[in-house]
Amino acid sequence: MRKFLLSIYYIFFYNLPNSRYLPLFSKLRCWYLSKVLKVLVSDSKNRIENRVYISDAAKISIGKNVRINENVFIQSAVIGNNVMIAPNTAILSSTHSYERLDIPMVEQEDIFGMPPVIKGDVWIGRNVVIKPGVVIGQGAIVGACSLVTKDVPDFAIVGGVPAKIIKYRKNKADEG
């Protein structure tokens, strides 16, 4: 049944135009993802744009007040509340084995079941790749074009390939 429901998503909702043309398109996608596929917490502030790939939807959980822009690829993940994900981001939960030299890598087993966790109030920049099993901490910012291979601490700003800590966000009240 899940494959049938995903087929409907990909045939109809996936390709609806961006909500900048008509906000109804995002609302329709959010309705389908929350009420039918049950991967998104229903919230009037959610925005899901066109061409968001959600794999088999069995191991995806997306919170409230989430903005996911176009062309985002999600294999599986736990995404908290108040998260912004910019276009062309890839969130990966599987990888290929490559340890054996006696057989080609393409014939070695895939490793599944390592969904990344993106905690609340996180901003993921454009063209970011998040590797399997990574935890992105509360309030973190991941700069555009970064490759996240390791956990990101709470309130850290990271960037680069591989992503490294640039600095930490500060509370304006603490700067006084």
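In this predicted model, helix α1 (residues 2–13) packs against helix α2 (residues 24–36) at an angle of about 180°, with the axes 11 Å apart. That angle makes α1 roughly antiparallel to α2. On the α1 side, the contact is made by Leu5, Ile8, Tyr9 and Phe13. Helix α2 contributes Leu28, Arg29, Trp31, Tyr32, Leu33 and Val36. Nine of these contact residues are nonpolar, none is polar and one is charged.

Aromatic rings come next. The count of aromatic pairs is ten. Two of the pairs involve Phe13 as follows.

| Pair | Centre to centre | Angle of planes | Geometry |
|---|---|---|---|
| Phe12 and Phe13 | 4.8 Å | 85° | edge-to-face |
| Phe13 and Tyr32 | 4.4 Å | 25° | stacked |

Phe13 has a relative accessibility of 6%. Phe12 is partly exposed, at 45%. Ring pairs join Phe12, Phe13 and Tyr32 into a cluster that also includes Tyr9, Tyr10, Tyr14, Trp31, Tyr53 and Phe73.

Thr89 lies elsewhere, in the loop between β6 (84–85) and β7 (90–91). Is Thr89 buried or exposed? Its relative accessibility is 1%, so Thr89 counts as buried. Beyond its neighbours within four places in sequence, Thr89 is in contact with Asn71, Val72, Phe73, Ile124, Gly125, Asn127 and Val128. A polar atom of the Thr89 side chain lies 3.0 Å from the backbone oxygen of Ala86. From Thr89 to Ser26, the C-alpha distance is 18 Å, across 63 residues in sequence.

Note on methods:
Residues numbered from 1 in each chain as written. Predicted model: local features only at pLDDT ≥ 70, side-chain atom pairs only at ≥ 80, totals over all residues. Heavy atoms only, no water. Axes fitted to C-alpha atoms, helices over the stretch in contact; angles between N-to-C directions. Helix = DSSP H or I, 4+ residues; strand = E, 2+ residues; numbered from the N terminus. Parallel < 35°, antiparallel > 145°, perpendicular 65-115°, else oblique. Contact = heavy atoms within 4.5 Å. Nonpolar A, V, L, I, M, F, W, Y, C, P; charged D, E, K, R; others polar. Buried < 20%, exposed > 50% of the residue type's maximum accessible area, 1.4 Å probe, protein only. Polar contact = N/O pair within 3.5 Å; in protein donor to acceptor, adjacent residues only side chain to side chain. Phe/Tyr/Trp six-rings, centres within 6.5 Å; stacked < 30°, edge-to-face > 60°.
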